[in-house]
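Trainee: Could you take me through one part of this structure closely, and show how that part sits within the rest of the chain?

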Amino acid sequence: MVLLSSSPSLSITSPNYRYSPSRRLCLCPISATHVVTPHHIDKSSLTISETSSEDQLWAAARLRVRSFNEFKPSTFGIQDHKRYLAEREFEALKERIAGKRTGFNRVSCLNASLPLSQLLSLPNDDLCAQCKFIENGEDRVVVGTLDVNQCMSLPDEITGMKPEGIEGQFARGYLSNVCVANELHRNGLGYDLVAKSKAVAQKWGLTDLYVHVAVNNEPAKQLYMKSGFVYENDEPAWQARFLDRPRRLLLWLGLPVNVNSI
């Protein structure tokens with residue numbers, strides 16, 4: 001998953017869902033050779049907030065599909081497949097947020113968005129077309145997104161060890177599906193999203209926050225360490241091979257106790 005860096009990079013974290021049918025349609029994880037010229041933005045109109053509508057949630061699902069995968073435009077039926085993937089993530093997100101997924105105590109989707117008018121100068125209108133939503137009568141575009149998950153563990157991922165015992169069910173959280181639109185890397189949006197997620201986690205009463213990152217994703221590791229995360233564990237090589245993905249690191253951040261949540 002890509003990170004905001006002067007060099008090509010992968011997504012900020014790996015998605016917590018897997019697109020098993022994708023290989024038949026020439027879809028693959030974004031590679032380190034995927035380069036997009038950055039577009040600098042005016043952050044005065046940037047908002048980062050928890051999802052407030054299904055329209056916004058749909059835009060976030062579309063951003064995840066375009067960020068976590070690289071599609072060959074010439075492939076037959078690729079637009080239909082993109083929509084299928086977005087619909088699947090959209091429905092799964094709704095279930096997680098509504099508390100209908102076993103193992104998730106609480107989930108929030110955080111989105112960074114900008115007015116559509118600020119992005120009209122992009123050389124390609126795909127981002128605006130795919131990730132637009134309407135809020136208070138204004139056309140806006142989701143340009144970054146992540147999930148904050150209050151749970152013991154995420155499916156197919158290394159489990160954090162803090163806090164120990166029963167407290168882990170309520171005071172442990174994970175970030176997942178962290179991504180920023182390729183066109184807007186190097187604007188600090190990843191750092192802003194993570195900062196907002198820490199505030200949400202603390203408001204929930206979480207004391208320990210985790211994130212998984214590919215071992216070879218140096219820009220992502222730099223972002224999280226700049227945000228205060230430190231190394232706790234790494235994925236066994238056999239597990240990464242079994243799941244057909246780069247090996248993961250597990251990073252940990254201790255959060256101040258929120259006395260208002262006690």
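Mentor: A residue is called buried when its relative accessible area is under 20%, exposed when that area is over 50%, and partly exposed in between, with a 1.4 Å probe and protein chains only as cover. The helices and strands are DSSP runs (H or I, at least four residues, for helices; E, at least two, for strands), numbered from the N terminus. This is a predicted model, in which local features need pLDDT of at least 70 and side-chain atom pairs count only at pLDDT 80 or more, whereas totals for chains, interfaces and linings use all residues. Residues are numbered from 1 along each chain as its sequence is written, and side-chain values use heavy atoms, with hydrogens and water left out.

The part to examine is helix α6, residues 218-226, in which Pro219, Ala220, Lys221, Leu223 and Tyr224 are buried. Those buried residues pack, through contacts (heavy atoms within 4.5 Å), against the strands β7 (172-180), β8 (208-214) and β10 (248-254) and against helix α5 (189-203). At the start of α6, a side-chain oxygen of Asn217 comes to within 3.2 Å of the backbone nitrogen of Ala220, and after the helix comes Gly228, whose phi is positive, near 105 degrees.

Tyr224 also belongs to the largest nonpolar core, a set of 57 residues, where Tyr224 is among the six that touch the most other members, together with Leu119, Leu127, Val143, Leu175 and Phe229. Such a core consists of buried Ala, Val, Leu, Ile, Met, Phe, Trp, Tyr and Cys residues joined through side-chain atoms within 4.5 Å. Across the chain, buried residues make up 53% of the 262 residues.

Note on methods. A polar contact is a pair of N or O atoms within 3.5 Å; within protein, one must be able to donate a hydrogen and the other to accept it, and residues adjacent in sequence count only if both atoms are side-chain atoms.
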